[in-house]
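User: I would like to go through this structure term by term. For each label, please set the value against the rule behind it.

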Amino acid sequence: MIEAIDLTKRYEDGLLALDHLNLTIQPGQIYCLLGANGAGKTTTINLFFDFIEPTSGAARINGFDCAKSPLDAKKHAAYVSENVMLYGNFTARQNLAFFTMLAGRKDLKKEDYHMVMRQVGLPERSFEQRVKTFSKGMRQKLGIAIAILKQAPALLLDEPTAGLDPKAAAEFIDLLFRLRGEGKAILMCTHDVFRAKEAADRVGIMKEGILIMERTKEELLHENLEKLYLKYMEVS
Amino acid sequence: MIWSIAKKEILENIFSYRFSILTVLLALLMAVAVIVGYGDFLLRLENYEVLRPMPNSPNIIIEPTPMSMFAKGLEANLTRLYEVSILGIEIRQNQQSVNRIFSLFAVPDILFIIKVVLALIAVLFSFDAITHEKEQGTLKLTLSNGIRRSSLVVGKFAGRFVLVFVPFTVLFLLALLTMSLLPSVAVTSSFWWKNLVILLASCVYTLLFTGVGLFVSSIIHRSSTSMVVSLSIWLLFVFIIPNFSTVIAKRLTPVPTSDRIEMETRLNTIQAIYNRIQREKEEPRGMEGVRMIRQLRESTTRITELYRPKMNALMRTTKSLVRISPSGALNVLLTDIANTGLYEEVRAKDAVTQYVERNFNRINELEPGPIELFRYTRASLGEVFSATGYVDVVVILFFATLFIAAAYVRFLIYDPR
């Protein structure tokens with residue numbers, strides 16, 4: 001479970017990046033956080049991974065406070081960034097082996113890595129290829145493969161489909177559905193309204209650090225998310 | 001976990017151009033240092049064989065040490081011929097001290113490789129240890145796992161250190177083995193011990209400069225800036241502080257120039273000869289020759305007594321100032337261990353002065369009797385350490401601990417965004 005309780009972040013320069021964010025994402029649920037650049041989406045992710053400290057409130061993963069017990073919290077969460085960057089001189093398998101080792105999984109064999117790479121749709125020939133030759137879509141898939149092998153119950157994604165071609169983005173969303181089916185709690189920050197509507201069980205819109213709107217998938221059946229998003233963005 | 005991170009650092013860099021180029025450069029420099037060092041040593045040995053003290057010969061010359069192939073230091077000065085005459089001790093220039101072109105274009109010895117090149121390589125391998133990960137975006141992914149930052153920074157440090165020090169150790173041992181097998185190189189247990197200590201000192205020195213790079217990488221967020229700052233620190237430690245220290249020391253502790261000393265000696269000689277002529281006019285059958293020698297001896301002793309304490313004070317001040325930099329301390333330490341440093345020079349001059357005091361009258365035929373054969377044994381490792389080496393070790397260890405601890409603490413609060 002992913003929880004934000006009155007989560008607030010004010011930077012040293014006085015900028016209020018996140019203002020009393022409250023949200024709960026249950027296992028088997030995809031939550032899409034929509035918002036323009038600078039809305040506070042990445043700040044939220046950074047707080048969950050203890051890259052920055054909250055000014056007040058708490059971010060929790062599976063009950064572990066991300067600021068007070070960061071190592072425990074991070075053991076239960078996997079991270080996929082907008083632009084998954086890996087070690088270019090390592091092969092896809094070597095990257096997988098390294099990052100899963102960091103996640104504490106040392107029991108995996110070559111076959112396990114190959115299996116997960118097949119699962120995320122990476123072509124067979126790329127398994128032992130250096131990652132510096134990979135396209136962005138392939139790197140995103142490898143990022144998801146790392147997250148899958150980590151076997152963390154929570155998955156936090158920061159603009160994971162940005163820059164992907166429609167086919168690669170659709171494949172990526174299919175992967176998320178599969179992970180949701182396995183009971184993962186997924187938080188996806190994005191400004192892609194179309195993908196959010198397609199994938200999310202709940203959608204939240206953020207503006208200037210404040211969660212200004214929330215809708216469930218059912219509620220969105222009767223509303224146009226794109227119009228809703230533009231309406232909220234226009235409100236000063 | 002730490003070893004896995006270190007292994008990743010090694011694998012990531014070992015096939016890079018940076019590693020290949022720097023290792024080849026190190027190997028070439030080592031080969032040149034061995035060839036040139038051996039050539040210089042043979043030249044000094046030949047000179048010694050010609051001039052070595054024989055029974056009843058007043059020649060004073062110190063046997064060259066094979067350790068000079070590692071750190072040449074003041075060996076060219078130490079192995080000069082000292083001649084005793086009625087004017088006192090006169091030092092003859094040898095081929096290496098006369099040919100000033102060698103000073104202008106000095107060929108690197110192994111000390112130079114350690115002090116300058118090894119430190120540079122350590123900095124070049126560590127300046128981007130953290131910044132590069134941040135720039136390429138892998139730092140956030142790494143830290144998103146339940147890994148302690150302390151394990152990450154220690155692993156990175158260990159990996160980068162191994163990348164530099166293992167190739168160096170292999171090349172150093174090869175150089176050592178080659179030198180030990182060369183003809184005319186008398187290898188004793190002391191030779192091996194001294195080289196083992198040089199290797200250990202190099203290890204701490206590599207740790208220090210890896211720490212410098214890692215520390216800078218943990219306070220700066222761009223690799224290009226980190227490189228400039230790291231290289232500036234390297235420049236400061238390796239060249240600026242040691243070189244300026246000698247200039248400042250000369251200002252703080254003025255010593256009369258050698259030209260002035262020579263001029264005073266000449267004036268005294270003229271004075272003594274004049275006095276002799278005057279007295280011989282008054283008492284034609286007197287002991288004027290003996291008197292003149294004694295007068296000259298007294299005046300030379302007076303000049304030496306005035307000059308040497310000032311010179312020793314200058315050396316002490318220079319050593320103290322040079323030790324502000326770990327590279328300066330390493331230079332002093334390794335030349336002292338190799339018996340080619342300041343400590344050995346003072347020790348050798350003392351030995352020569354004492355020998356001359358004991359034998360001056362016999363050499364100048366003022367009293368009968370055989371002239372003692374000049375014998376000199378260079379300082380042992382233990383003597384060097386108890387006399388001066390421990391200070392240099394403390395300085396190098398202090399700087400290494402300071403930079404490694406600073407890098408460690410700084411990374412714990414590093415912003416990975």
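User: Which residues in helix 1 of chain B are buried?

Analyst: First, the ground rules: this is a predicted model, in which local features need pLDDT of at least 70, side-chain atom pairs count only at pLDDT 80 or more, and totals for chains, interfaces and linings use all residues. Residues are numbered from 1 along each chain as its sequence is written, chains are lettered from A and ligands numbered from 1 in the order in which they are written, and side-chain values use heavy atoms, with hydrogens and water left out. In helix 1 of chain B the buried residues are B:Ile5, B:Ala6, B:Lys8, B:Glu9, B:Ile10, B:Glu12 and B:Asn13. Buried means under 20% relative accessible area, exposed means over 50%, and partly exposed lies in between (1.4 Å probe, protein chains only).

User: What makes B:Lys8 and B:Glu9 buried?

Analyst: B:Lys8 has a relative accessible area of 4% and B:Glu9 has 0%. The limit is under 20%, so B:Lys8 counts as buried, and so does B:Glu9.

User: What do the buried residues of helix 1 of chain B pack against?

Analyst: They pack against helix 3 of chain A, and within chain B against helix 2 (17-51), helix 6 (110-126), helix 7 (131-136) and helix 9 (149-181). Contact here means heavy atoms within 4.5 Å. Helices (H or I, at least four residues) and strands (E, at least two) are DSSP runs, numbered from the N terminus.

User: How does the span of helix 1 of chain B compare with the expected one?

Analyst: Helix 1 covers residues 2-14, which is 13 residues, and reaches 18 Å from its first C-alpha to its last. The expected span is 1.5 Å times one less than the number of residues, and this helix is close to the expected 18 Å.

User: Why is the pair B:Lys8 and B:Glu9 called a salt bridge?

Analyst: The rule asks for a side-chain nitrogen of Lys or Arg within 4 Å of a carboxyl oxygen of Asp or Glu. The closest N and O atoms of B:Lys8 and B:Glu9 are 2.9 Å apart, so the pair meets the rule. B:Glu12 also forms a salt bridge with B:Lys8, at 3.3 Å. B:Glu12 and B:Lys8 are 4 residues apart in helix 1 of chain B, which means a separation of about one helical turn. In general, side chains of opposite charge can pair when their charged atoms come close.

User: Which residues are linked with B:Lys8 in a network of salt bridges?

Analyst: The network holds B:Lys8, B:Glu9, B:Glu12, B:Arg18, B:Asp128, B:Glu133, B:Lys156 and B:Arg160. Over all chains, the search finds 30 salt bridges.

User: What is the N to O distance between A:Glu214 and A:Arg202, and where do these residues lie?

Analyst: Their side chains meet in a salt bridge at 2.6 Å, N to O. A:Glu214 is in strand 10 (residues 210-216) of chain A and A:Arg202 in strand 9 (residues 202-207), 12 residues apart, so the pair links distant parts of the chain. A:Glu214 is partly exposed at 33%, whereas A:Arg202 is buried at 17%.

User: How many salt bridges cross the interface of chain A and chain B?

Analyst: The rule finds 0 there. There are 8 residue pairs in polar contact, both residues at pLDDT 80 or more. A polar contact is a pair of N or O atoms within 3.5 Å; within protein, one must be able to donate a hydrogen and the other to accept it, and residues adjacent in sequence count only if both atoms are side-chain atoms. The side of chain A that touches chain B takes its largest share, 4 residues, from helix 3 of chain A.

User: What area is buried between chain A and chain B?

Analyst: About 2,200 Å², of which carbon and sulfur atoms give 64%. Buried area is the accessible area (1.4 Å probe) that two parts lose on being put together, summed over both. In chain A, A:Phe51, A:Tyr87 and A:Leu102 lose the most area to chain B, together 28% of what that side buries. The contact takes 22 residues from each of chain A and chain B.
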